[in-house]
Amino acid sequence: MIPLSTKDTFIFHCHPEISCFNECCRDLNQFLYPYDILRLTGHLKLHSSQFLKQYTSCHTGPSTGLPMMTLRPLAGIERICPFVSDEGCTVYPNRPASCRIYPLARAISRNRQTGRIQERFALLKEPHCRGRTGKKAWTAGQWMKNQQLDEYNRMNDQMISLISLKNQHAERSLSRKTARMFYLACYDLDRFREQILYHGLADDMEPSPDTRARITEDDLFLLEFGMNWIKQALRAELAAQPTRRDR
Ligand code: SF4
Ligand code: SF4
């Protein structure tokens, strides 16, 4: 990995005629953010539960205890992405953030004084990828724009902030109920919607009639609502638990 400042440029050109075409869609080890799942589920027109069952594996974050999702490769040693075809990516308009951002990696930190998010980028150099032999030069900012990553980054940063909230209380474990609600609110959005509309949330966190109307028809609004809601639920549960030191 080579660190990139905001002014540094890198050469990259990926296209269907390149000899390594589709090479990066095998040997899959791909983390999926909630917004990736929302976009893929919408693309495939699947209920979120069906998508999760068919295409993902759920893992428990080793330090956070939070449920984390990966894209499940097809069976076989090549670990091929279920969405790749000879012509390329079959979900291209809604491919995950990690596919869009390649060959860059992005890390963020929050400025403690201003609360603003600061981004850092690095360039990945992997032997199988020949896209660096092109002529087109990009800055990290130009690449983000070209790959339409703004909305992905905005939503993924909210997930990172949830993970970091739990990491600040790594010694405290989550109840099964909160872990289940985290899974629903972040990943299984259609079931989360059903939970809100037909069964209700905790009494002090019930949405207003206007919010319920938007939850019914707007998946992105539902995801943002869910992530904010789970942040409050996490804060409340973590604050109420004694740490190991207190016991
Ligand atoms: S989602 Fe598309 S671009 Fe990403 S690994 Fe799968 S086929 Fe490749
Ligand atoms: S150039 Fe790199 S990103 Fe493009 S198909 Fe080849 S391996 Fe994948």
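**Figure 1. The protein is divided into domain 1 (2–157) and domain 2 (172–240).** The domain bounds come from an automatic or database domain assignment. This is a predicted model, in which local features need pLDDT of at least 70, side-chain atom pairs count only at pLDDT 80 or more, and totals for chains, interfaces and linings use all residues. Residues are numbered from 1 along each chain as its sequence is written, while chains are lettered from A and ligands numbered from 1 in the order in which they are written. The C-alpha centres of the two domains lie 26 Å apart. Their contact takes 13 residues from domain 1 and 14 residues from domain 2. Two residues are in contact if their C-beta atoms, placed from the backbone, lie within 7 Å.

**Figure 2. Domain 1 meets domain 2 through α1, α2 and β5, the elements that each give two or more residues to its touching side.** Helices (H or I, at least four residues) and strands (E, at least two) are DSSP runs, numbered from the N terminus. α1 gives the most to this side of domain 1, with 5 residues. By class, the residues on this side divide into 8 nonpolar, 5 polar and no charged. Here Ala, Val, Leu, Ile, Met, Phe, Trp, Tyr, Cys and Pro count as nonpolar, Asp, Glu, Lys and Arg as charged, and the others, Gly among them, as polar.

**Figure 3. The largest nonpolar core has 44 residues, of which Ile37, Ala185 and Ile230 touch the most other members.** Helix α9 (residues 219–240) gives the most to this core, with 6 residues. Domain 1 (2–157) and domain 2 (172–240) both contribute residues, so the core lies between them. A nonpolar core is a set of buried Ala, Val, Leu, Ile, Met, Phe, Trp, Tyr and Cys residues joined through C-beta atoms within 7 Å. A residue is buried if 20 or more other C-beta atoms lie within 10 Å of its own, exposed if 12 or fewer, and partly exposed in between, with C-beta atoms placed from the backbone. Isoleucine 37 touches Leu32, Phe51, Met69 and Tyr187, leaving aside residues up to four places away in sequence. In soluble globular proteins, nonpolar side chains tend to be buried together.

**Figure 4. Ligand 1 is surrounded by Cys25, Cys81, Phe83, Val84, Cys89, Val91, Arg95, Pro96 and Cys99.** A residue is near a molecule or strand if its C-beta atom, placed from the backbone, lies within 6 Å of it. The shell of ligand 1 has 8 nonpolar, no polar and 1 charged residues.

**Figure 5. Ligand 2 is surrounded by residues that include Cys14, Cys20, Cys24 and Cys129.** Ile18, Phe21, Glu23, Tyr102, His128, Arg130 and Gly131 are also in this shell. By class, there are 7 nonpolar, 2 polar and 2 charged residues around ligand 2.

**Figure 6. A cis peptide bond joins tyrosine 102 and proline 103.** Its omega is about 15°. Proline 103 is found in the loop between α3 (97–101) and β8 (104–110). Tyrosine 102 is also one of the residues around ligand 2.

**Figure 7. Three strands form an open antiparallel sheet in the order β3-β5-β4.** β3 (31–32) and β4 (56–60) stand at the edges, each with a single partner strand, so one side of each has no neighbour in the sheet. Two strands pair if DSSP finds at least two bridges between them. β4 and β5 (residues 67–71) pair over 5 bridges. Across this pairing, serine 57 has threonine 70 in β5 as its bridge partner.

**Figure 8. β8 and β9 form a hairpin with 6 residues between them.** Glycine 115 in the turn has a positive phi of about 80°. β8 and β9 (residues 117–123) pair in the antiparallel sense over 7 bridges. Alanine 107 stands opposite arginine 120 in β9.

**Figure 9. Lysine 45 and glutamine 148 have positive phi values.** Lysine 45, with phi of about 55°, is found in the loop between α1 (34–44) and α2 (48–55). Lysine 45 counts as exposed because it has 7 C-beta neighbours inside 10 Å. Glutamine 148, with phi near 50°, is found in the loop between α4 (140–146) and α5 (150–167). Glutamine 148 counts as exposed, with 10 C-beta neighbours inside 10 Å.

**Figure 10. Serine 161 is found in helix α5.** It counts as partly exposed because it has 14 C-beta neighbours inside 10 Å. The C-alpha atoms of serine 161 and arginine 110 are separated by 9.4 Å, and the two residues are 51 residues apart along the chain.
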